[in-house]
Amino acid sequence: ASPLPLPMPSSDTREFDAVILGASGFTGKYVLWEFLQCIIMHHKDLKLAVAGRNVAKLEATLRWASSTSASVVVQQHVSVVEADATDVPSLRRLGRSTRVLLNCVGPCNQYGEAIVAACVDTGAHYVDISGEAEFMERMEAKYHNAAVAAQVLVVSACASVSIVSDIGLLHHLRC
């Protein structure tokens, strides 16, 4: 089954469907690899970009990803964008260019808020791999109303760190 589409105004003409920020980092590389498998299997027309502050490292990450069965997908569907988690204008440009920004830059307590703010301000959905409870609570308290008004999703804890609590919740719901 194909994932549900994200809410987004039909008039939205963004350059990318998704951008992986921090794609050249350890986790970002594997997020990219999994995303490429999704493109191969379900979404052959998806426009993806990898973003980070070092273009050479991003290009090396794409070469690594191309060494798998995804080489044609990388060549046809993936762009490289320079952006820095400490540079608000670059984050705003990134937010305006994409429907969904997947944040693999960490720690989120240090770098995440500027990325969340840029996404909410530019109407891009935000997803991260954070398991940092204080960060998640602070982002909800500070950006919830603005995100609702902008019809933007801000979703944290999309990584293995959240599996333990997810399993606990599922077990609790079954009892």
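Student: Which residues of H5 are buried?
Tutor: Cys-108, Gly-112, Glu-113, Ile-115, Val-116, Ala-117, Ala-118, Cys-119, Val-120 and Thr-122. Buried here means under 20% relative accessible area, with exposed being over 50% and partly exposed in between (1.4 Å probe, protein chains only). H5 itself covers residues 108–122, and helices (H or I, at least four residues) and strands (E, at least two) are DSSP runs, numbered from the N terminus.

Student: Before we go on, what am I looking at?
Tutor: It's a predicted model, where local features need pLDDT of at least 70 and side-chain atom pairs count only at pLDDT 80 or more, while totals for chains, interfaces and linings use all residues. Residues are numbered from 1 along each chain as its sequence is written, and side-chain values use heavy atoms, with hydrogens and water left out.

Student: OK, back to H5. What do its buried residues pack against?
Tutor: They pack against strands E1, E4, E5 and E6, plus helices H4 (88–97) and H6 (133–150). Contact means heavy atoms within 4.5 Å. H5 lies across E1, E4, E5 and E6, and runs at about 160 degrees to E5. For that angle, axes are lines fitted to C-alpha atoms, for helices over the stretch in contact, and angles run from 0 to 180 degrees between N-to-C directions.

Student: How far apart are the ends of H5?
Tutor: Its end C-alpha atoms are 19 Å apart, which agrees with the 21 Å that 15 residues should span at 1.5 Å a residue. The expected span is 1.5 Å times one less than the number of residues. Just after H5, Gly-123 takes a positive phi of about 80 degrees.

Student: Now the sheet. What's the strand order?
Tutor: E3-E2-E1-E4-E5-E6, an open sheet of six strands with parallel pairing. E3 (78–82) and E6 (154–155) are at the edges with a single partner strand each, so one side of each has no neighbour in the sheet. Two strands pair if DSSP finds at least two bridges between them.

Student: Which helix packs over by E3?
Tutor: H2 (residues 55–66) packs on the sheet there, touching E2 (48–52) and E3, and its direction makes about 160 degrees with that of E3.

Student: How many bridges does E4 make with E1?
Tutor: Five, with E1 (residues 16–21) and E4 running parallel. Phe-16 stands opposite Thr-98 in E4, and Ile-20 stands opposite Leu-102. To E5 (residues 125–128), E4 has four bridges, again parallel. There, Leu-101 stands opposite Tyr-126 and Asn-103 opposite Asp-128.

Student: And E5 with E6?
Tutor: Those two pair in the parallel sense over two bridges, and Val-127 stands opposite Val-155 in E6.

Student: What handedness do the crossovers there have?
Tutor: E4, H5 and E5 make a right-handed β-α-β unit, and E5, H6 and E6 make a right-handed one too. Right-handed means that, with the strands pointing away from the viewer, the path from the first strand over the helix to the second runs clockwise.

Student: Is E4 enclosed or left open?
Tutor: Five of its six residues are buried, so E4 is largely enclosed by the rest of the structure. Thr-98, which lies in E4, counts as buried at 0% relative accessibility. Leaving aside neighbours within four places in sequence, Thr-98 is in contact with Arg-14, Phe-16, Asp-17, Ala-18, Val-19 and Ala-124.

Student: Last thing, the whole chain. How many helices and strands?
Tutor: Seven helices and six strands, following the pattern β-α-β-α-α-β-α-β-α-β-α-β-α along the sequence. Of the 175 residues, 39% are buried. The accessible surface comes to about 9900 Å², with 57% of that belonging to carbon and sulfur atoms; such areas come from the Shrake-Rupley method with a 1.4 Å probe, and for residues only the protein chains shown count as cover.
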